[in-house]
Amino acid sequence: MRSRNLSMISAAVFLINFLVLLSLANFNDISEAKTQKRKLLLSSENTRGSGVQPSLYTYSVRNAFPHDPDSFTQGLLYYKDDILYESAGLYGRSTLREVDLTTGRVIRSRPLARMDFAEGLALHDDRLIQLTWRSPKGLLYDRRTFEPLGEFNTGLADGWGVTNEDQSGKELVATDSGSSLLFLDPTTFKVKREVQVHDEGTPINW
């Protein structure tokens with residue numbers, strides 16, 4: 001009887017292991033199929049949305065630099081001569097920073113008010129433009145001195161990322177946790193237009 005029970009247990013264990021392996025194989029096949037499908041969709045001339053065929057970019061790590069591990073980085077931009085400007089978030093800990101890229105040393109730092117959570121950061125006409133989370137408020141600083149130049153209101157419910165559209169400086173591009181790229185006037189900071197971002201016809205949030 002004991003021998004029969006052991007045989008049944010061994011058979012059951014073998015069956016379970018077989019089913020697990022089969023499931024993993026199916027999962028890998030499905031994952032690979034999904035990857036191939038996505039590549040085909042990206043390269044398809046029938047891409048839904050604007051009708052513009054998207055480009056698929058890759059990257060490679062060329063170097064690594066030290067950086068403050070306690071900085072809750074939300075906005076980051078490269079200026080020149082290995083200088084970074086950084087917007088670090090968290091309530092009560094948010095700062096605007098100038099950082100040496102090669103050493104990670106914080107050259108100077110300006111704290112925000114405790115109720116402000118720093119988000120995206122952009123440079124326009126030698127002014128640093130900083131957004132705040134869950135708020136339409138933005139902050140302006142003189143790049144050279146970090147002295148505040150005032151505040152502005154985007155009219156958005158949330159502030160996430162911000163950058164320049166191109167080198168012309170005609171528009172800023174911001175995000176607000178929704179599925180749109182919001183193009184702002186760099187003088188009034190009001191939304192001029194917006195473009196929705198889709199993935200296979202589905203709006204992308206965040």
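**View 1. One cavity of 30 Å³ or more is present in the structure.** This is a predicted model, in which local features need pLDDT of at least 70, side-chain atom pairs count only at pLDDT 80 or more, and totals for chains, interfaces and linings use all residues. Residues are numbered from 1 along each chain as its sequence is written, and side-chain values use heavy atoms, with hydrogens and water left out. A cavity is a set of points, on a 1 Å grid over the protein atoms alone, where a 1.4 Å probe fits but cannot get out. The largest cavity has a volume of about 30 Å³. Its lining includes Leu 131, Lys 137 and Asp 158 (lining residues have an atom within 4 Å of a point). Three lining residues are nonpolar, four polar and two charged.

**View 2. The second largest pocket has a volume of about 250 Å³.** A pocket is an open set of points with protein on both sides within 12 Å along at least five of seven lines. Lining it are 13 residues; closest to its centre are Leu 123, His 124, Asn 164, Asp 166 and Gln 167. Strands S5 (118–124) and S9 (162–164) each give two or more residues. Strands are DSSP E runs of at least two residues. S5 supplies the largest share, four residues. The lining holds five nonpolar, five polar and three charged residues.

**View 3. Four strands form an open antiparallel sheet, ordered S9-S10-S11-S12.** The edge strands, S9 and S12 (191–196), each pair on one side only. Pairing requires at least two DSSP bridges. S10 (172–174) and S11 (180–184) pair over three bridges. Val 173 stands opposite Phe 183 in S11.

Key
Points joined across faces, edges and corners; volume = space filled by probe spheres on them. Nonpolar A, V, L, I, M, F, W, Y, C, P; charged D, E, K, R; others polar.
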